[in-house]
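Reader: I would like to go through this model with you, one topic at a time. Shall we start once it is on display?

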Amino acid sequence: MFNQLQNPFAFAARLLIAALFLPAGLAKITGFAGTVGYIASVGLPAPTLAAAAAVILEIGGGIALLVGLGTRYAALALAFFTLVASFIFHAYWAVPADQAYVTQLLFFKNIAVAGGLMAIAAFGAGGWSLDAQRGD
């Protein structure tokens with residue numbers, strides 16, 4: 001039974017994860033100054049460049065996942081980005097106790113998303129993708 005569902009499940013996985021990254025990238029564009037300020041607030045260098053890179057990665061990677069083109073590379077890039085962002089922006093061990101619960105939830109949500117992205121990188125986009133049409 002699961003073999004028959006492999007392609008729809010792979011497509012659904014790509015769609016659901018893209019639904020996280022595409023709106024986040026678009027929100028960074030519309031609130032670019034706020035994004036730059038948030039990045040600067042944690043002490044990262046070149047916050048404008050970092051914000052632009054995040055926009056490109058989230059939108060480009062989200063579209064790649066959505067259509068299934070360069071899927072394994074997009075998934076790996078987004079997994080790395082998500083893991084790094086988790087340790088920088090959701091360091092629940094370094095926030096006041098009254099903020100730790102929500103920050104910890106966000107951290108582990110991101111860890112789970114990175115795991116899903118690694119599974120997509122390992123198993124590919126599935127048959128309902130541009131990668132499959134190209135023979136990748």
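Reader: How far apart are the mean positions of the positive and negative charges of the chain?
Author: The chain has 5 positive and 4 negative charges, and their mean positions are 5 Å apart. Lys and Arg are counted as positive and Asp and Glu as negative, leaving out His and the chain ends. Each charge is placed at NZ of Lys, CZ of Arg, CG of Asp or CD of Glu.

Reader: On what basis are the values computed?
Author: This is a predicted model, in which local features need pLDDT of at least 70 and side-chain atom pairs count only at pLDDT 80 or more, while totals for chains, interfaces and linings use all residues. Residues are numbered from 1 along each chain as its sequence is written, and side-chain values use heavy atoms, with hydrogens and water left out.

Reader: How many helices and strands does the chain have?
Author: There are 6 helices and 0 strands, taken from DSSP as runs of H or I of at least four residues for helices and of E of at least two for strands, numbered from the N terminus. The order along the sequence is α-α-α-α-α-α.

Reader: And what does the C-alpha trace span along its principal axes?
Author: The span is about 50 × 30 × 20 Å. Of the 136 residues in the chain, 32% are buried; buried stands for under 20% relative accessible area, exposed for over 50%, and partly exposed for values in between, with a 1.4 Å probe and protein chains only.

Reader: What share of the contacts joins residues 24 or more positions apart?
Author: Such residues account for 68% of the contacts with a separation of 6 or more, a contact being heavy atoms within 4.5 Å.

Reader: Turning to α4, what end-to-end distance should its 19 residues span?
Author: Helix α4 covers residues 71–89 and should span 27 Å at 1.5 Å a residue; the C-alpha atoms at its ends are 26 Å apart, which agrees. The expected span is 1.5 Å times one less than the number of residues.

Reader: Which residues of α4 are buried?
Author: They are Thr 71, Ala 74, Ala 75, Leu 78, Ala 79, Thr 82, Ala 85 and Ser 86. Viewed down the axis of α4, the buried residues lie within an arc of 140 degrees, so they line one face of the helix. The arc is taken from the directions between the helix axis and the C-beta atoms. Tyr 73 and Phe 80 are exposed on the other side of α4.

Reader: What does that buried set pack against?
Author: The buried residues of α4 pack against α1 (2–30), α3 (47–67), α5 (97–123) and α6 (130–134).

Reader: What follows in the loop between α4 and α5?
Author: His 90 has its place in that loop. His 90 counts as buried, at 16% relative accessibility. Apart from neighbours within four places in sequence, His 90 is in contact with Ala 85, Thr 103, Leu 106, Phe 107 and Asn 110.

Reader: Now α2. Which of its residues are buried?
Author: In α2 (residues 32–41), Thr 35, Val 36 and Ile 39 are buried. Down the axis of α2 these fall within an arc of 100 degrees, so they line one face of the helix. The face turned away from the buried side carries the exposed residues Ala 33 and Ser 41. The buried residues of α2 pack against α1, α3 and α4.

Reader: Could you say more about Val 36?
Author: Val 36 has a relative accessible area of 16%. Not counting residues up to four places away in sequence, Val 36 touches Pro 47, Thr 48 and Ala 51. The C-alpha atoms of Val 36 and Ala 52 are separated by 8.8 Å, at 16 residues apart along the chain.

Reader: Which residues have a positive phi in that region?
Author: Gly 43, which follows α2, has a positive phi near 85 degrees. Ala 46 also has a positive phi, about 50 degrees, although it is not a glycine. Most residues other than glycine have a negative phi. Ala 46 is in the loop between α2 and α3 and is partly exposed, at a relative accessible area of 44%.

Reader: Finally, what does Leu 22 touch?
Author: Leu 22, in helix α1, touches Glu 58, Ile 59, Gly 62, Ile 63 and Leu 66, leaving out residues up to four places away in sequence. Leu 22 is buried, with a relative accessible area of 18%.
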